Amino acid sequence: QFAVNRNKSTKIESARLMMDLDKILQIEKYMDISARLGDELDKKENFKIIDKQDRENIINYLNELETISTFYLEKILTKKQTYELQGHQILTSLKVETIKQLITEERKSDNSQDLFRNLERTWEDMKKYQNKILKKF
């Protein structure tokens with residue numbers, strides 16, 4: 001009985017966490033970044049960092065994806081939850097060359113080679129998971 005109640009409680013907490021994270025990424029500035037990243041891939045529009053504020057917003061956006069990735073890697077979120085929550089954004093962000101360059105620059109300036117490492121690890125898993133899902137169709 002205790003294990004069943006604990007499992008239900010864990011699922012509820014996980015669902016709340018997902019909703020809270022989703023709310024954060026629904027902020028207009030993050031939705032704009034996500035749309036611009038999508039346009040880079042879908043419409044072949046070059047993703048550009050507009051100014052210093054835009055750069056800061058993009059780094060904050062990547063930090064939010066890094067947080068989700070950390071929750072996934074620490075098994076707080078399942079692979080399916082992570083994919084459904086922000087899998088598309090995780091996959092899209094690291095396909096864009098400008099984002100890869102930004103991460104490289106941030107690692108140098110921050111002197112931290114681990115910056116956004118969880119995002120990169122999760123990207124690999126999300127890519128495999130997406131391929132598995134697409135093979136079913």
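These legends describe close-up views of a predicted model.

**View 1. Lysines form a positive patch on the surface.** The members are K75, K79, K80, K95, K127, K128, K132 and K136. Two helices, α4 (79-93) and α6 (117-135), each supply at least two residues. The top contributor is α6, with three residues. One member, K95, sits in the loop between α4 and α5 (97-110). K95 is partly exposed because its relative accessible area is 44%, between the 20% and 50% limits.

**View 2. K75 is a loop residue with positive phi.** This lysine belongs to the positive patch. K75 lies in the loop between α3 (52-73) and α4. Its phi is near 65°, and the residue is not glycine. The relative accessible area of K75 is 72%, so the residue counts as exposed.

**View 3. F116 also has a positive phi without being a glycine.** The phi value of F116 is about 65°. F116 is placed in the loop between α5 and α6. Here the side chain belongs to a buried residue: F116 has 2% relative accessibility. Burial is called under 20%, so F116 qualifies.

View 4. E40 is part of helix α2 (residues 28-42). A salt bridge needs a side-chain nitrogen of Lys or Arg within 4 Å of a carboxyl oxygen of Asp or Glu. Contacts of E40 are E45, N46, F47 and V96, leaving aside neighbours within four places in sequence.

**View 5. D39 is another residue of helix α2.** D39 has 22% relative accessibility, so it is partly exposed. D39 touches K44 and E45, with residues up to four places away in sequence not counted. The C-alpha atoms of D39 and T92 are separated by 10.0 Å. Along the chain, D39 and T92 are 53 residues apart.

**View 6. R36 and D54 meet in a salt bridge.** The N to O distance is 2.9 Å. R36 belongs to helix α2 and D54 to helix α3, so the pair ties together parts that are 18 residues apart in sequence. Both R36 and D54 are buried. The pair is also part of a network of salt bridges that links D32, R36 and D54. The count of salt bridges comes to seven.

**View 7. E105 and R55 join two helices through a salt bridge.** Their side chains meet at 3.1 Å, N to O. E105 lies in helix α5 and R55 in helix α3, so this pair ties together parts that are 50 residues apart in sequence. E105 is partly exposed, at 40% relative accessibility. R55 is partly exposed too, with a relative accessible area of 25%.

**View 8. E120 and R117 pair within helix α6.** The closest N and O atoms of this salt bridge are 2.7 Å apart. E120 and R117 are three residues apart, about one turn of the helix. E120 has a relative accessible area of 25%, so it is partly exposed. R117 is partly exposed, at 27% relative accessibility.

Conventions. Residues numbered from 1 in each chain as written. Predicted model: local features only at pLDDT ≥ 70, side-chain atom pairs only at ≥ 80, totals over all residues. Heavy atoms only, no water. Patch = residues over 30% accessible without salt bridge, like charges linked within 9 Å, V, L, I, M, F, W, Y side chains within 5 Å. Areas by Shrake-Rupley, 256 points an atom, 1.4 Å probe, with all protein chains shown as cover. Lys, Arg positive; Asp, Glu negative; His and termini not counted. Charge placed at Lys NZ, Arg CZ, Asp CG, Glu CD. Helix = DSSP H or I, 4+ residues; strand = E, 2+ residues; numbered from the N terminus. Buried < 20%, exposed > 50% of the residue type's maximum accessible area, 1.4 Å probe, protein only. Contact = heavy atoms within 4.5 Å.
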